[in-house]
Amino acid sequence: MNQFISQLPKAELHLHIEGSFEPELMFALAQRNQIAIPYQTIEEVKQAYQFSCLQDFLNIYYAGASVLIHEQDFYELTMAYLTKCHEENVLHTEIMFDPQTHTQRGISFETIIKGIRRAQEEAQQKWGISSLLIMSYLRHLSEEEAFETLQQSLPFKHWIIAVGLDSSEKGNPPSKFYKVFEASAKEGYALLAHAGEEGPAEYVWEAIDGLKIIRIDHGNNCLDDEKLVDEIVKRDMALTVCPLSNLELRVVTDLKDHPLKTMLNKGIKATVNSDDPAYFGGYLNQNFIAIQEALQLTKEEIIVLAKNSFQYSLLDENRKNELLNLVDEYATNN
């Protein structure tokens with residue numbers, strides 16, 4: 001089963017590039033850029049990766065991001081992740097990035113996106129990995145600040161497919177960002193948002209009805225509301241589920257209790273993703289392997305999850321079909 005998963009063609013739809021920052025690279029960049037971080041050794045960084053909630057994680061996530069200064073840093077960070085995709089047979093990925101984490105520190109939007117873009121182009125040329133970029137607004141900041149980020153993005157909008165909403169969910173409902181999402185849609189961006197990870201089902205309603213998103217990031221708590229589940233199924237909306245992230249952030253205390261199988265049984269189009277793999281103990285294959293073992297998923301269910309990842313991506317129909325055919329071919333031969 002592990003080999004079946006490892007060689008399966010798949011896509012990743014929920015990945016924060018800053019969350020793929022391995023301790024070794026963080027240390028190397030801290031030294032190169034002469035930035036002090038509150039850890040003396042790589043081991044100390046790894047020990048700090050013990051979280052009791054989303055906020056614990058965000059604290060270290062933002063500390064780590066502070067060592068990213070130059071275009072080359074963003075290139076190296078992104079290239080390290082795309083190399084993992086190549087190793088794990090991830091043929092397409094949709095990469096979230098948090099411009100505000102960096103622009104607040106005086107790093108230009110251009111520096112961030114040019115570094116990321118260079119890695120995307122290189123991975124496409126070297127390995128044929130397609131990737132799309134999702135610009136996330138930080139929900140603990142104001143809507144005015146999100147509008148500033150939207151303005152900064154416009155010269156580069158041909159490189160950005162969608163906007164998202166991430167960071168501290170509790171106390172920062174989607175309704176706080178209705179206007180900036182409306183403005184983002186007018187600029188041609190697809191709309192996505194984190195909802196129902198730590199926030200209630202009501203936040204998922206706000207995201208789909210108020211923000212008008214086309215895909216839900218996380219969405220675990222939608223299961224608390226049967227009407228909401230019916231609505232998600234009716235609208236054919238996918239959830240980008242992140243098993244190891246849910247475990248590490250105590251959204252579930254045991255993967256055996258993870259709602260992924262329940263979602264599939266209810267007709268929800270779930271996908272498996274790694275979220276912040278450097279922090280949560282595994283990239284995409286590890287998430288698939290862990291959730292398969294915990295829930296005893298069948299090969300057929302694994303194939304459904306892989307097909308969902310391509311079907312509900314933001315790719316054009318031709319590329320989607322090409323990738324879906326690869327899954328069918330793999331399933332037939334394995």
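This is a predicted model: local features need pLDDT of at least 70, side-chain atom pairs count only at pLDDT 80 or more; totals for chains, interfaces and linings use all residues.
## The second largest cavity

Helix α5, residues 71–87, gives the most to the lining, with three residues.

Sort the lining by class and you get five nonpolar residues, three charged ones and no polar ones.

## The largest cavity

The structure holds two cavities of 30 Å³ or more, and the largest has a volume of about 140 Å³. Its lining runs to 19 residues, with His-16, Leu-58, Asp-166, Ser-167 and His-194 nearest the centre.

Here helix α4 (residues 54–65) gives the most, with five residues.

## The largest pocket

Moving on to the pockets, the largest has a volume of about 180 Å³. It is lined by 13 residues, and the closest to its centre are Arg-117, Gln-120, Ser-131, Leu-132 and Trp-159.

Both α7 (109–127) and β3 supply at least two residues each to this lining. By class, the lining of the largest pocket splits into six nonpolar, five polar and two charged residues.

Helix α9 covers residues 178–186, and its buried residues are Val-180, Phe-181 and Ser-184. Looking down the axis of α9, these buried residues fall within an arc of 100°, so they line one face of the helix. As a rule, an α-helix has 3.6 residues a turn, so residues three or four places apart point the same way. The face of α9 turned away from the buried side carries Lys-179 and Lys-186, both exposed.

What sits over the buried residues of α9? The cover includes the strands β3 (130–138), β4 (162–166) and β5 (190–195), along with the helices α8 (143–153) and α10 (201–211). After α9 comes Gly-188, which has a positive phi, near 95°.

## Phe-97 in strand β2

Phe-97 belongs to strand β2, residues 90–97. Its relative accessibility is 0%, so Phe-97 counts as buried.

Which residues are in contact with Phe-97, leaving aside its neighbours within four places in sequence? They are Ile-17, Glu-18, Phe-109, Ile-112, Ile-113, Ile-116, Leu-133, Ile-134, Met-135, Ser-136 and Ile-160. As for Trp-205, it lies 108 residues from Phe-97 in sequence, and the two are 24 Å apart in space, C-alpha to C-alpha.

Terms used: Residues are numbered from 1 along each chain as its sequence is written. Side-chain values use heavy atoms; hydrogens and water are left out. Buried means under 20% relative accessible area, exposed over 50%, partly exposed in between (1.4 Å probe, protein chains only). Helices (H or I, at least four residues) and strands (E, at least two) are DSSP runs, numbered from the N terminus. The arc is that of the directions from the helix axis to the C-beta atoms. Contact means heavy atoms within 4.5 Å. On a 1 Å grid over the protein atoms alone, a cavity is a set of points where a 1.4 Å probe fits but cannot get out, and a pocket is an open set with protein on both sides within 12 Å along at least five of seven lines; lining residues have an atom within 4 Å of a point. Grid points are joined across faces, edges and corners, and a volume is the space filled by probe spheres set on the points. Ala, Val, Leu, Ile, Met, Phe, Trp, Tyr, Cys and Pro count as nonpolar, Asp, Glu, Lys and Arg as charged, and the others, Gly among them, as polar.
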